[in-house]
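Subject: Structure handover

Hi,

Here is the structure for you to look through. My notes on what turned up in it follow below.

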Amino acid sequence: MKQYSISTDQASMTLLAQHMKRMKIWETIGQMVHIQQKTVHHSPLEKLQDAFLNIISGGRGLVEINSRVRPNRVLQAIFGRQACADQSNVRLTLDHCTAENVQQMRSALLTLYVRHS
């Protein structure tokens, strides 16, 4: 894996990423949430991760993924991403989500809550 230098303001992101990895957050979500969408470059789970990275980096809308997350290789690397999906592809993934996917996500989050509370 390529090495990046991390500034002080990215230290909290690094700690969050490490904690989420220990808690197996994305692994659990990946096992429980199944969005029916073809994978070309990024899986639906990876696109959910990109949306999450946008939120935690201060993004107020998906359109900010292209200016906030895609150019920030350090942020992507901290969370184990090699690249970031285009905001339009992230939006399409969210558009493909069904009521069943929402319920799957709720179940995954409840599982994580119970496991780590």
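Trp-26 is buried, at a relative accessible area of 17%. Buried means under 20% relative accessible area, exposed means over 50%, and partly exposed is in between (1.4 Å probe, protein chains only). Before you read on, note that this is a predicted model: local features need pLDDT of at least 70, side-chain atom pairs count only at pLDDT 80 or more, and totals for chains, interfaces and linings use all residues. Residues are numbered from 1 along each chain as its sequence is written, and side-chain values use heavy atoms, with hydrogens and water left out.

Aromatic pairs

The structure holds two aromatic pairs. Rings of Phe, Tyr and Trp (its six-membered ring) pair if their centres lie within 6.5 Å; planes under 30 degrees apart count as stacked, over 60 as edge-to-face and the rest as tilted. Trp-26 pairs with Phe-52: the ring centres are 5.7 Å apart and the planes sit at 70 degrees, so this pair is edge-to-face. It links distant parts of the chain, with Trp-26 in helix α2 (residues 25-32) and Phe-52 in helix α3 (residues 44-56), 26 residues apart. Helices here are DSSP runs (H or I, at least four residues), numbered from the N terminus.

Phe-52 counts as partly exposed, at 22% relative accessibility. Phe-52 also forms an edge-to-face pair with Phe-79, at 6.3 Å centre to centre and 75 degrees between the planes. Phe-79 lies in the loop between α5 (73-78) and α6 (87-96), 27 residues from Phe-52 in helix α3. Phe-79 counts as buried, at 15% relative accessibility. Trp-26, Phe-52 and Phe-79 form one aromatic cluster.

The core

Phe-79 turns up again in the largest nonpolar core. Of the 23 residues in this core, Ile-25, Ile-29, Ile-78 and Phe-79 touch the most other members. A nonpolar core is a set of buried Ala, Val, Leu, Ile, Met, Phe, Trp, Tyr and Cys residues joined through side-chain atoms within 4.5 Å. The elements giving two or more residues to it are α1 (11-23), α2, α3, α4 (65-69), α5 and α7 (99-116). Helix α1 provides the largest share, four residues.

Salt bridges

There are five salt bridges in the structure. A salt bridge is a side-chain nitrogen of Lys or Arg within 4 Å of a carboxyl oxygen of Asp or Glu. One of them joins Glu-46 and Arg-81, with the closest N and O atoms 3.6 Å apart. Glu-46 lies in helix α3 and Arg-81 in the loop between α5 and α6, so the pair ties together parts that are 35 residues apart in sequence. Glu-46 is partly exposed, at 26% relative accessible area. Arg-81 is buried, at 7%.

Asp-50 forms a salt bridge with Arg-81 too, and here the closest N and O atoms are 2.9 Å apart. This pair also links distant parts of the chain: Asp-50 is in helix α3 and Arg-81 is in the loop between α5 and α6, 31 residues apart. Is Asp-50 buried or exposed? Asp-50 counts as buried, at 0% relative accessibility. Glu-46, Asp-50 and Arg-81 are linked in a network of salt bridges.

Asp-86 and Arg-70 meet in another salt bridge (3.3 Å, N to O). Asp-86 is in the loop between α5 and α6, while Arg-70 is in the loop between α4 and α5, 16 residues apart. Asp-86 is partly exposed, with a relative accessible area of 22%. Arg-70 is partly exposed as well, at 36%.

One face of a helix

Which residues of α6 are buried? They are Gln-87, Val-90 and Thr-93. Seen down the axis of α6, these buried residues fall within an arc of 120 degrees, so they line one face of the helix. The arc is that of the directions from the helix axis to the C-beta atoms. The buried residues of α6 pack against α3 and α4, where contact means heavy atoms within 4.5 Å.

A backbone detail

Lys-24 lies in the loop between α1 and α2. Its phi is near 60 degrees, a positive value in a residue other than glycine. Most residues other than glycine have a negative phi. Lys-24 is partly exposed, at a relative accessible area of 43%.

Best wishes
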